[in-house]
Amino acid sequence: MRTQFNFLTRDLHLYIGLFLSPFVVLFAASVILLNHPDIPLGTSIESKTDQVHVDLPPGLDRLQGMERLDRARQLLRQAGVSGEIGFVRYSAEEGSITIPVSKPGYEATVVVKMDTGAASITERKTGFWNSIIYLHKMPGPHLANIRGNWPVVRIWAWLADGTAWLLIFLSVSGVYLWAVLRSERHVGLMLLVVGLISLFGAWYAICG
Amino acid sequence: MRSAVETWSRKLHICLGLYFLFFLWLFCLSGVVLNHPKWRVAGFWNERKQMSSELQISRPAETDDFLAARSLMTQLHIRGEISGKITHAETGEFGFRVVRPGDIYEIKADFGQGLARVDQTHVNGWGVLNMLHSFTGVRRTDPTQQQNWWPTGIWRFSMDALSVGLVVMVLTGIYIWYNRAQRRRSGMLALALGFLTLAGFVSGIF
């Protein structure tokens, strides 16, 4: 019975670990890039600014939150732009509405004149390294009411959460396997304690 | 019979995993909370405590803004990372912000009157955890921002070490698995599934 449980734990540790491997590498690499802004990320390619005409959905200037976002999405469809919509800004003074859009490796800003429906689209390809930083930060704590308005970001949010919870599972199952397999018993115990002391030491230096 | 490389891969996998266990939990938990700003525990900012005080100071001897700010921090018993720009208001006020996980200080010093106003914002334990998640002292979006407090350097190094440690654990784990012929095919399926899923997101296919 116990042996069966051990085998099951080992298999789960193995297969979940293998599935998560690319995700762990992504998060680890993006941490290094975020921690060291002096590492160049390659060049961003600013593409041409397109001008298109769009039919303005009613209420775009008045509505707030998800309702405004739904209207903005309708407008983006006409402009042929897709992605996560950021903070939509309406300027009565300029008579325009600005819609920032992003997805991994891509950013766009769509500015629509409210009187004519003329939309200018500025697109930028941000490259591979920026795309992994983008994924690391998504969905994140900002713009909570509108975040995840693009289905891909919603799915990614599930995967990002899943990666965190499954990493915790991997660490717990790893400790269990280490305990029952009795390998590296003394060194392992020492490292566990040293790791805990290191964390509290760093914590104390910062917060103490 | 295990090869020496496999034996050492196993040792490394176990040892790194045990050393980084608590660091990993901290970043996993804070990462999940950061992704769910509507959760109750993520509402630490709404539950923040704000305190203001006015304290006597003496004009720092240093002429350099950064050194003068550090000197003021010593006088005010404030520790942390100087974040953002140091400002000089038209009224002669010398202002700067100090951050460390759990506390944010806005300091405005009037050297003429010898007074400093300190506005402190204090967040609870969840707030500390979340601030630790991204406490690097640097920003990609602001190249002028430089890390300027030694504990931030230690924390940044911990983040780097955890990242490198995790990559080494991934590599040693893959090596250990690949040497198990029985699990090679099924393991390949799990690895490929993970890789293709991620590649879809990174490449923008999805």
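Colleague: How far apart do the C-alpha centres of domain 1 and domain 2 of chain A lie?

Modeller: They are 42 Å apart. The bounds come from an automatic or database domain assignment. This is a predicted model, where local features need pLDDT of at least 70 and side-chain atom pairs count only at pLDDT 80 or more, while totals for chains, interfaces and linings use all residues. Residues are numbered from 1 along each chain as its sequence is written, and chains are lettered from A and ligands numbered from 1 in the order in which they are written.

Colleague: Which residues go into each domain of chain A?

Modeller: Domain 1 takes 2-38 + 158-207, and domain 2 takes 45-126.

Colleague: And where are the domains of chain B?

Modeller: Domain 1 of chain B is 4-28 + 154-203, with 49-122 as domain 2. Their C-alpha centres lie 44 Å apart.

Colleague: What radius of gyration does chain B have?

Modeller: Chain B has 24 Å, whereas a compact globule of 206 residues would have a value near 17 Å. That's taken over C-alpha atoms, and the globule rule is 2.2 Å times the number of residues to the power 0.38. Along the principal axes, the C-alpha atoms of chain B fill a box of roughly 80 × 40 × 30 Å.

Colleague: New topic. How many helices and strands are in chain B?

Modeller: Six helices and five strands, counted as DSSP runs numbered from the N terminus (helices are H or I, at least four residues; strands are E, at least two). From the N terminus on, they go α-α-β-α-β-β-β-β-α-α-α.

Colleague: How many residues of chain B are in contact with chain A?

Modeller: 56 residues of chain B, and they meet 56 residues of chain A. In contact means that the C-beta atoms, placed from the backbone, lie within 7 Å.

Colleague: Which element of chain B gives the largest share?

Modeller: H5(B), with 14 residues on the side that touches chain A. By type, that side of chain B divides into 37 nonpolar, eleven polar and eight charged residues. Here Ala, Val, Leu, Ile, Met, Phe, Trp, Tyr, Cys and Pro count as nonpolar, Asp, Glu, Lys and Arg as charged, and the others, Gly among them, as polar.

Colleague: Back to chain A. Which residues of helix H3 are buried?

Modeller: In H3(A), residues 128-137, they are A:Asn130, A:Ser131, A:Ile132, A:Tyr134 and A:Leu135. Buried means 20 or more other C-beta atoms within 10 Å of the residue's own (exposed is 12 or fewer, partly exposed in between), with C-beta atoms placed from the backbone.

Colleague: What covers them?

Modeller: The cover includes H1 (2-35), strand S4 (96-103) and H4 (151-181) of chain A, together with helix H6 (184-203) of chain B.

Key: Two residues are in contact if their C-beta atoms, placed from the backbone, lie within 7 Å.
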